[in-house]
Amino acid sequence: MPDAMVEHLRSDMECEGLLECFHGLTDLDRECFAVVVGSDEALTVDDIAAEVDRERSTVYRSLQRLLTAGFVQKEQVNYEQGGYYHVFRPTDPDVVADEMQRMLNDWYAKMGQLIGEFREKYDAEGRAMPAES
């Protein structure tokens with residue numbers, strides 16, 4: 001994935017690239033997310049690990065990143081005899097999109113502020129009056 005903004009604008013980014021662009025998620029995170037989204041029912045870590053052919057602990061770390069980023073939700077399912085396990089579902093796409101829009105707006109405001117500071121700093125220095133002799 002490109003690092004400079006100009007490279008991002010020139011690249012053929014797909015919507016899944018937002019996972020990496022906004023949250024720094026990995027290819028495995030994207031794979032796990034695709035598995036969760038592609039399922040009609042909530043999935044366990046073991047279900048997802050089998051689909052992506054990775055170790056359970058590796059997939060669990062990936063799911064934690066997706067959970068932190070807000071792309072998936074974790075629910076506890078209780079056994080009747082006691083004990084429990086967790087399942088994962090995708091977060092509502094509108095909720096995720098609204099959060100990414102908020103982040104983009106915050107980023108845009110911050111970049112506008114930095115551009116203003118750049119303009120002020122270099123316009124003031126570039127137009128300084130020469131010292132009189």
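Predicted model: local features only at pLDDT ≥ 70, side-chain atom pairs only at ≥ 80, totals over all residues.
Trainee: Got it. And in what order do the elements run from the N terminus?
Mentor: Starting there, the order is α-α-α-α-α-β-β-α.

Trainee: How much of the chain is buried?
Mentor: Buried residues are 22% of the 133 residues.

Trainee: What about contacts between residues 24 or more positions apart? What share do they have?
Mentor: Take the contacts in the chain with a separation of 6 or more: residues 24 or more positions apart account for 42% of them.

Trainee: Let's look at helix packing. At what angle do α3 and α5 cross?
Mentor: Roughly 80°, and their axes come within 9 Å. For your bearings, α3 covers residues 27–38 and α5 covers residues 56–69.

Trainee: What do you call an arrangement like that for α3 and α5?
Mentor: Roughly perpendicular. The label applies because angles from 65 to 115 degrees count that way.

Trainee: Which residues meet there, between α3 and α5?
Mentor: On the α3 side you have L28, D29, C32, F33 and V36, and on the α5 side T58, V59, S62, L63, R65 and L66. Sorted by class, this contact has seven nonpolar, two polar and two charged residues.

Trainee: I see D29 and R65 in that list. What do their side chains do?
Mentor: The side chains of R65 and D29 form a salt bridge, at 2.9 Å from N to O. R65 is in helix α5 and D29 in helix α3, so the pair ties together parts that are 36 residues apart in sequence.

Trainee: Why would two side chains pair up like that in the first place?
Mentor: Side chains with opposite charges can pair when their charged atoms come close.

Trainee: Is D29 buried or exposed?
Mentor: D29 counts as buried, because its relative accessibility is 0%. R65 has 34% relative accessibility, so R65 counts as partly exposed.

Trainee: How many salt bridges does the structure hold?
Mentor: Five. Another one joins R89 and E75, whose closest N and O atoms are 2.8 Å apart.

Trainee: Where do R89 and E75 lie?
Mentor: In the strands: R89 is in β2, residues 84–90, and E75 is in β1, residues 72–78, so this pair ties together parts 14 residues apart in sequence. R89 counts as partly exposed at 34% relative accessibility, and E75 is partly exposed too, with a relative accessible area of 29%.

Trainee: What about E99 and R102? How do their side chains meet?
Mentor: In a salt bridge, 2.5 Å from N to O. E99 and R102 are three residues apart in helix α6, residues 93–126, so about one helical turn separates them. E99 is partly exposed with a relative accessible area of 32%, while R102 counts as partly exposed at 41% relative accessibility. Salt bridges that share partners also join E99, R102 and D106 into one network.

Trainee: Switching topic: where is V87, and is V87 buried or exposed?
Mentor: V87 sits in strand β2. Its relative accessibility is 7%, so V87 counts as buried.

Trainee: Which residues is V87 in contact with, leaving aside neighbours within four places in sequence?
Mentor: A42, L43, T44, Q73, K74, E75 and V77.

Trainee: Last one: what value is the phi of D53 near?
Mentor: Phi of D53 is near 55°, a positive value in a residue other than glycine. Most residues other than glycine have a negative phi. D53 is in the loop between α4 and α5, and at 69% relative accessibility D53 counts as exposed.

Technical notes
Residues numbered from 1 in each chain as written. Heavy atoms only, no water. Axes fitted to C-alpha atoms, helices over the stretch in contact; angles between N-to-C directions. Helix = DSSP H or I, 4+ residues; strand = E, 2+ residues; numbered from the N terminus. Parallel < 35°, antiparallel > 145°, perpendicular 65-115°, else oblique. Contact = heavy atoms within 4.5 Å. Nonpolar A, V, L, I, M, F, W, Y, C, P; charged D, E, K, R; others polar. Salt bridge = Lys/Arg side-chain N within 4 Å of Asp/Glu carboxyl O. Buried < 20%, exposed > 50% of the residue type's maximum accessible area, 1.4 Å probe, protein only.
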